[in-house]
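Please open the structure in the viewer and keep the selection panel at hand. The stops below are meant to be followed in order.

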Amino acid sequence: MWDLASGKLLRSITDAHPPGTAILHIKFTDDPTLAICNDSGGSVFELTFKRVMGVRTCESRCLFSGSKGEVCCIEPLHSKPDLKDHPITQFSLLAMASLTKILVIGLKPSLKVWMTFPYGRMDPSSVPLLAWHFVAAHNSVNPMLAFCRGDVVHFLLVKRDESGAIHVTKQKHLHLYYDLINFTWINSRTVVLLDSAEKLHVIDRQTQEELETVEISEVQLVYNSSHFKSLATGGNVSQALALVGEKACYQSISSYGGQIFYLGTKSVYVMMLRSWRERVDHLLKQDCLTEALALAWSFHEGKAKAVVGLSGDASKRKAVVADRMVEILFHYTDRALKKCPDQGKIQVMEQHFQDMVPVIVDYCLLLQRKDLLFSQMYDKLSENSVAKGVFLECLEPYILSDKLVGITPQVMKDLIVHFQDKKLMENVEALIVHMDITSLDIQQVVLMCWENHLYDAMIYVYNRGMNEFISPMEKLFKVIAPPLNAGKTLTDEQVVMGNKLLVYISCCLAGRAYPLGDIPEDLVPLVKNQVFEFLIRLHSAEASPQEEIYPYVRTLLHFDTREFLNVLALTFEDFKNDKQAVEYQQRIVDILLKVMVENSDFTPSQVGCLFTFLARQLAKPDNTLFVNRTLFDQVLEFLCSPDDDSRHSERQQVLLELLQAGGIVQFEESRLIRMAEKAEFYQICEFMYEREHQYDKIIDCYLRDPLREEEVFNYIHNILSIPGHSAEEKQSVWQKAMDHIEELVSLKPCKAAELVATHFSEQIETVINKLQNQVLLFRFLRSLLDPREGIHVNQELLQISPCITEQFIELLCQFSPTQVIETLQVLEGYRLEETIQITQKYQLHEVTAYLLEKKGDVHGAFLIMLKRLQSKLQEITHQGETTREDPSLKDVEETMVETIALCQRNSHNLNQQQREDPVYGKGKLGEIQGLILGMLDTFNYEQTLLETTTSLLNQDLHWSLCNLRASVTRGLNPKQDYCSICLQQYKRRQEMADEIIVFSCGHLYHAFCLQNKECTIEIEGQARWTCYKCSSSYKAGKLNESSSEVKKGRITPSQLKMSPSCHPSKGDSAVKKATSEPVLDPQQIQAFDRLCRLYRGSSRLALLTELSQSRGSESYRPFSGSQSGPASHSIFQNENFQLQLIPPPVTED
């Protein structure tokens, strides 16, 4: 034990731990007289230092025995000076990590175990790690223990309760993807981890985000393996502890005051977190200004991780960071101007500033430094016209989102001028309505807005700049009133102005500012009064003598009557408990009636809109309006006038809206119904009958209305099926439907049939009796009975009698005879005998035959079809010769096909006698039956033989091609390692660089030797080699034979393929005329000869001669195995001719 201040040795402790073990750890607690020791035996000892009478002593006490589990890591809790009085320090906590678990014990006041925690599954080579740190959690500061072994870090929060007991709670653990060998706290929020690959990982504890990774392999970290293996004392440690010692570096890493010290083999390294300023400056040195601003802003907002160097309260920290950000912004602005490209397209400069200027604007606004933005920053950027334009354009989204208010007059003026110069007037309008324009030249702005049709901006400037609400309306009325009074069609621009005028009036009367916001509360009553007074003026300010009264109301009614009345209706909703407003309401209603009723230039729709509006107002329970009832009668006369047939549907719709809005109380109902019937307003009649529950009369309304007559079926169905109607009402509706059944069937037969089948299936016969028209009856029955018509009714539930079905079949024979058979195929419920009589009555022979076949009388059906076929043939014979395209011949063909089909369908039901006798004539089929069956057997045999032979040939061809491909693609393997001419090994002849040539037959030669033996042939200017041994015996004869075969045509030029040569020709290629026809090289010719000999057989002429000789003798069978007679020397008995049915040989791989 040493005194580091003086360098003196204070004491030597010889009995602190058992001999033969190495010291792994020795650490002081907060008490300087108490230390903890851990040896390689896994035991932990407490060392108490004392000084009695000047004598230094040390007492050792075993806290944990290695026999219960080897401890390899210990960590006492150390508290900072400012936490010396923390209540938990009096326990002198110690954390110990064994190979299987961790323990937290208290050394004071007495030894006590407070917690044990097993590891669970882990890698046995992983190093146990422990680290304490005080952290702020739940409004208090308490120690937190981090421990891990492997790739999972656990955090335990240690607290002392009021009773004095210690509680340990688990916190969120950290999962990693690497194996740890060291864990160090930098501060309460940041930890530094070292993995087994010697990489440092800086981690934010709360978010578990990895902030940085640093490679420290150059440190050459010192490991404590020798101590853990106890090499100095004989290595008497367990295998488990020795395995952990491979990665142990406990004593090589230490932390203090936010610094971490790493012991390397050659030096000591110190690592620490950069302060926030250093981190920002580091990015600035790398010219990463945007990243530096983003990092500084994260410090400003308190969102950065691992922050060092920022102290004080939040406002002070923000002020310090903001000052630094302002400095960076000035530097950023200067850099943006300096880095601007001097030459090139204007688009390049714009892109440069579009990338940089928005950053300046963003951070100035985030820092709430508009003074800086619109003074120094704007002055700097104004030096470059492109930068100035980009700056002004960057302000637009902030202005439109109301995030930027209070722009200086100069910037506001420059902004409007900039967008005006770029012809972006819509942007100018959008900007003006979001700006405080009191500092601008109002008259100049209004003039600009009017010239560029910026009506929203103009109204906004009048309202906000001058508190003037009437002048904008006057300017707009002057534009749209003249063409409306003249009856002209408005232009698109004038329509836009009129719509804006209506919305503006609505906003003013509702107390809202146009186009957005609200009018100040003190101005709302004044604005409403001004607008009403303006609208009900008798004449305009500059009225001509010809001007009609109430020009503004008249103009708005002509422009869009419905929308103007809707604006008034919304306004009247707010007129409650306001005496003056009620007077305005009655006054404007009187003006509306005077303008519209006393003039004939309004359409029925416009007049109807007015009275619908009035009816709605009068129908309100708190209504205070008075309208003369005579006016409603005049409107009724006007709308129901029979003299005017134009706009019939429009007038009816207007009157219907008037009634539905409550105007029904203004009319006498009987008179209203009479006038509606007279005017053919059937929807009005339906509305009135509906009120009186006269549903049967509504059916007449539907049937008389050509636009809605098809809806009558749904109406009847709803009345009869929806609950809520009495039985008498339903009966009256059904009786009315029965009275008009012929009209319903003629209108939609399917709908009529579905209606009858759904509601009154038992009265079908009554309906049939009412349908006197046979065509309508036929259409009704077809819709009812034919399932192909698609009515949604279950046919089984109808229970229709067969006589009705037969009546339908008879009508079908009359009106659609060609569809009888296909209908009978899907029809059910008819009797065969009665139906056959009907078809015979109308002479539908094919139908009769079908029914007889269905009945089971196939013979009778066949006789009818045969008779039909004979009559068709007689018609043709009487007409004489006809062409194949003649329709009568087609009829015969069709009848023939139907007759044959009849026979085919029923032939399986006939016995042998019936098959022979009636159809073909007695005995004729039996005479040729054997011949036909023999032909069929022969055909089946020959077909099987052909298929088998083809299969065998294909298999043989496939086997041959596979072997050929295998032999072609196989590498050449020489039979010997010496040249077949000079008999020297090709490896030993090194005096000259000679090439080696190997042939497919296995012979090997030197190229020089082959050239001396003249074993080369030039073909088309290229040298071809031939094997000396294989070609020497039959060189002359076989090559001549091959060439003669080529000349005779046995080998055509198209059959010869050219193979690549080993050597190009050394002769003059211009002398030799290259032919376009490919030829075989000598090796290919030899292989082809071998193939020809293998597959060569007898000549075709000999085969034909043999066959012609055998024709004279019937007993001679060329393929028989007998050797008698002339066949003893027959070609067919030749060994090469006979088929050798043996399995193919197995080739070597």
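The tour visits individual residues and then turns to aromatic rings and charges. Please bear in mind throughout that the model is predicted.

**Stop 1: L47**

Select L47, which belongs to strand β5, spanning residues 44-52. Is L47 buried or exposed? Its relative accessible area is 1%, and because buried means under 20%, L47 counts as buried.

**Stop 2: H300**

Move to helix α4, residues 289-301, and select H300. H300 is buried, with a relative accessible area of 11%. Show the side chain of E301 as well: a polar contact of 2.9 Å joins it to the side chain of H300. Apart from neighbours within four places in sequence, H300 is in contact with K318, V321, A322 and L367.

**Stop 3: aromatic pairs**

Now display the aromatic side chains. How many aromatic pairs does a search of the whole structure find? The search finds 19 aromatic pairs. One to select is F477 with Y552: the ring centres are 4.8 Å apart and the planes lie at 50°, so the pair is tilted. F477 is in helix α13 (residues 471-485) and Y552 in helix α16 (residues 551-573), so this pair ties together parts that are 75 residues apart in sequence. Both F477 and Y552 are buried.

Select Y504 and Y514 next. Their rings form an edge-to-face pair, with 5.8 Å from centre to centre and 75° between the planes. Y504 lies in helix α14 (residues 492-510), whereas Y514 lies in the loop between α14 and α15 (524-535), so the pair ties together parts that are 10 residues apart in sequence. Y504 counts as buried at 0% relative accessibility, and Y514 is also buried, with a relative accessible area of 7%.

Then select F155, F183 and W185 together; ring pairs link these residues into a cluster.

**Stop 4: charges over rings**

Select W450 and K475. K475 lies over the face of W450, at 4.6 Å from the ring centre. Finally, select Y702 and R708: here R708 lies over the face of Y702, at 4.5 Å from the ring centre.

Methods: Residues numbered from 1 in each chain as written. Predicted model: local features only at pLDDT ≥ 70, side-chain atom pairs only at ≥ 80, totals over all residues. Heavy atoms only, no water. Helix = DSSP H or I, 4+ residues; strand = E, 2+ residues; numbered from the N terminus. Buried < 20%, exposed > 50% of the residue type's maximum accessible area, 1.4 Å probe, protein only. Polar contact = N/O pair within 3.5 Å; in protein donor to acceptor, adjacent residues only side chain to side chain. Contact = heavy atoms within 4.5 Å. Phe/Tyr/Trp six-rings, centres within 6.5 Å; stacked < 30°, edge-to-face > 60°. Lys NZ or Arg CZ within 6 Å of the ring centre and 35° of its normal.
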